[in-house]
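Reader: I am new to this structure and would be grateful for a close look at a single part of it.

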Amino acid sequence: MPASPSSKPNPWLSIGELARRAGVAASALRYYETQGLLHSVRSAGGQRRYPRDALRRVAFIRAAQIVGISLDDIRASLAALPSQRTPTPRDWEALSADWLPRLQQRIDELTRLRDRLGNCIGCGCLSLSQCALYNPGDRAASLGDGPRYLIGEPPMEAPDQEPG
């Protein structure tokens, strides 16, 4: 039965309703809860009930995951939100502003990947042991672990080749 215009909506959502409204699986909500990203209370029958502001939290978690922010960073950000009241748009703006440098870094990394991917998918960014174009003799390994060229290390100059 739909709520009348004068009645307030129930302040609590069941796990099924939150999952449907947020567009995620109930198992994802349970996982977020085990990770300390969401909190629920139990009904008299032992069922999970989430406050309505959980919809914003789930949207925030999903947006953060899409851009590659770790669950640890998401948890730290959510911990900065007020726990005694529903976060305001200003609270969410402040939290999001902290992410702008990380998002720009991610954009820069993806742009570098896009621009270099067409040249040679192996191009030394994974320290392949043989790459005649960018990483002969696995020289990138001397720069450190991980995808050195992808994260911004310039490819090392190739030594002059002697004619064979």
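Reader: Which strands does α1 lie across, and at about what angle does α1 run to β1?

Author: This is a predicted model, in which local features need pLDDT of at least 70 and side-chain atom pairs count only at pLDDT 80 or more, while totals for chains, interfaces and linings use all residues. Residues are numbered from 1 along each chain as its sequence is written, and side-chain values use heavy atoms, with hydrogens and water left out.

Helix α1 lies across β1 and β3 and runs at about 90° to β1. Axes are lines fitted to C-alpha atoms, for helices over the stretch in contact (heavy atoms within 4.5 Å), with angles from 0 to 180 degrees between N-to-C directions. Helices (H or I, at least four residues) and strands (E, at least two) are DSSP runs, numbered from the N terminus.

The three strands form an open sheet in the order β1-β3-β2, with antiparallel pairing; strands pair if DSSP finds at least two bridges between them. Because β1 (12-14) and β2 (41-42) stand at the edges with a single partner strand each, one side of each has no neighbour in the sheet. Strand β3 (residues 48-51) pairs with β2 over two bridges, and Arg 48 of β3 is the bridge partner of Arg 42.

The largest nonpolar core has 25 residues; such a core is a set of buried (under 20% relative accessible area, 1.4 Å probe, protein chains only) Ala, Val, Leu, Ile, Met, Phe, Trp, Tyr and Cys residues joined through side-chain atoms within 4.5 Å. Among the elements giving two or more residues to this core are α1 (15-22) and α2 (26-34). Leu 29 touches residues including Ile 15, Leu 18, Ala 19 and Tyr 50, not counting residues up to four places away in sequence.

Definitions and conventions. Buried means under 20% relative accessible area, exposed over 50%, partly exposed in between (1.4 Å probe, protein chains only).
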